[in-house]
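Have the picture open while you read.

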Amino acid sequence: MNDAQGAVSTVAIHSVSSGCAGCKTDPGSELALAFAFQPIVDVAAGVAYAHEALVRGPQGEPAGTVLGKVSEANRYHFDQRCRTTAIAQAAQLGLQGFLSINFMPNAVYRPEACIRSTFEAAEKHDFPIERIIFETVEGEDIISRPHLVDIFRAYKRFGFQTAIDDFGAGYSGLTLLADFQPDIIKLDMDLVRGVDTDSVRQRIVCGVLAICRDLGIRVIAEGIETKGERDFFTANDVRLMQGYFFARPAFAAVPMLNAESFAA
């Protein structure tokens with residue numbers, strides 16, 4: 001972390017003394033959790049560009065066993081523990097590149113206050129904040145768009161990378177992009193699936209790619225499972241991809257990339 005980023009983190013940590021309403025809620029019994037990590041690869045370079053932290057139970061149980069216990073009463077504390085635990089585990093494993101953390105927008109009451117523990121965890125584990133990506137998906141059942149945009153803008157101001165997940169699915173789309181331009185969008189896997197043989201999907205995806213190029217937004221093709229899908233995106237100048245074709249999530253470990261997935 002350089003001097004400027006350290007100054008930003010110091011201001012962020014110390015500028016809010018009273019916290020927010022969520023900080024004062026009773027979380028009840030703490031939810032036990034851990035993480036699996038799935039790489040986002042740079043296909044042109046043949047390396048992991050980032051790792052997405054995927055919540056699991058303490059022994060690797062599926063995400064649903066943990067998420068099913070999240071309620072209004074403990075949502076804030078769950079979201080905070082996900083961030084700090086993901087940073088701690090990533091640092092312990094020595095993960096290189098970016099760390100992508102999913103956050104729950106309706107657990108963020110005041111971005112300036114709710115980000116304190118993230119800065120503290122990054123400082124404690126010597127994990128540079130500029131290597132953290134915060135990603136989320138917009139949904140009308142989750143959050144109002146203005147509040148989500150406010151959160152994104154605050155995170156970008158603090159020095160974090162921002163990403164919109166599942167772009168092209170449901171309510172996550174062009175209207176949100178008009179209000180806020182993130183560093184990254186992750187194309188929804190339903191658009192990716194079979195794109196190499198589906199002319200309609202190809203036209204839609206190429207339209208999104210053109211918009212992102214004009215706006216200076218990087219694109220991650222999510223859910224790549226075949227060589228054909230990989231080759232379509234490679235031909236369209238997308239070098240960041242994620243999916244089982246490259247590697248499956250590894251629980252509490254650094255996942256191994258499939259070397260054959262980069263072969264011509």
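Start with I211, which is partly exposed because its relative accessible area is 32%, a value between the 20% and 50% cut-offs. You'll find I211 in helix 9, which covers residues 199–215. Together with L174 and L215, I211 makes a nonpolar surface patch of about 260 Å². Keep in mind that this is a predicted model.

Now zoom out to the whole chain. It has 264 residues, and 49% of them count as buried. The chain contains ten helices and nine strands. It exposes about 12,000 Å², and carbon and sulfur atoms supply 53% of that area. What about contacts along the sequence? Looking at contacts with a separation of 6 or more, 68% are between residues 24 or more positions apart.

Next, head for R83, which sits in helix 3 (residues 75–93). Is R83 buried or exposed? R83 is buried, because its relative accessible area is 0%, and buried means under 20%. The side chain of R83 has a polar contact with the side chain of Y155, at 2.9 Å. If you skip the neighbours within four places in sequence, the residues in contact with R83 include I101, F103, V108 and C114. I115, T118 and F134 are also among them.

One of those names, T118, leads us to helix 5 (residues 116–124), where T118 is buried along with S117, F119, A121 and A122. A handy rule here: an α-helix has 3.6 residues a turn, so residues three or four places apart point the same way. After helix 5 comes D126, which has a positive phi, near 55 degrees.

Finally, take a look at strand 3, residues 98–102. Four of its five residues are buried, so the strand is mostly covered. Which strands does strand 3 pair with? The table shows two partners.

| Partner of strand 3 | Bridges | Direction | Residues standing opposite |
|---|---|---|---|
| Strand 2 (residues 47–56) | four | parallel | H51 and L99 |
| Strand 4 (residues 132–136) | four | parallel | L99 and I132 |

Notice that L99 turns up in both rows: L99 stands opposite H51, and L99 also stands opposite I132 in strand 4. While you have the strands in view, remember that in a regular strand the side chains alternate between the two faces of the sheet.

Conventions
Residues are numbered from 1 along each chain as its sequence is written. This is a predicted model: local features need pLDDT of at least 70, side-chain atom pairs count only at pLDDT 80 or more; totals for chains, interfaces and linings use all residues. Side-chain values use heavy atoms; hydrogens and water are left out. Helices (H or I, at least four residues) and strands (E, at least two) are DSSP runs, numbered from the N terminus. Buried means under 20% relative accessible area, exposed over 50%, partly exposed in between (1.4 Å probe, protein chains only). Contact means heavy atoms within 4.5 Å. Accessible areas come from the Shrake-Rupley method with a 1.4 Å probe; for residues, only the protein chains shown count as cover. A polar contact is a pair of N or O atoms within 3.5 Å; within protein, one must be able to donate a hydrogen and the other to accept it, and residues adjacent in sequence count only if both atoms are side-chain atoms. Two strands pair if DSSP finds at least two bridges between them. Patches are made of residues with over 30% relative accessible area and no salt bridge: like charges are joined within 9 Å, nonpolar side chains (Val, Leu, Ile, Met, Phe, Trp, Tyr) within 5 Å. A salt bridge is a side-chain nitrogen of Lys or Arg within 4 Å of a carboxyl oxygen of Asp or Glu.
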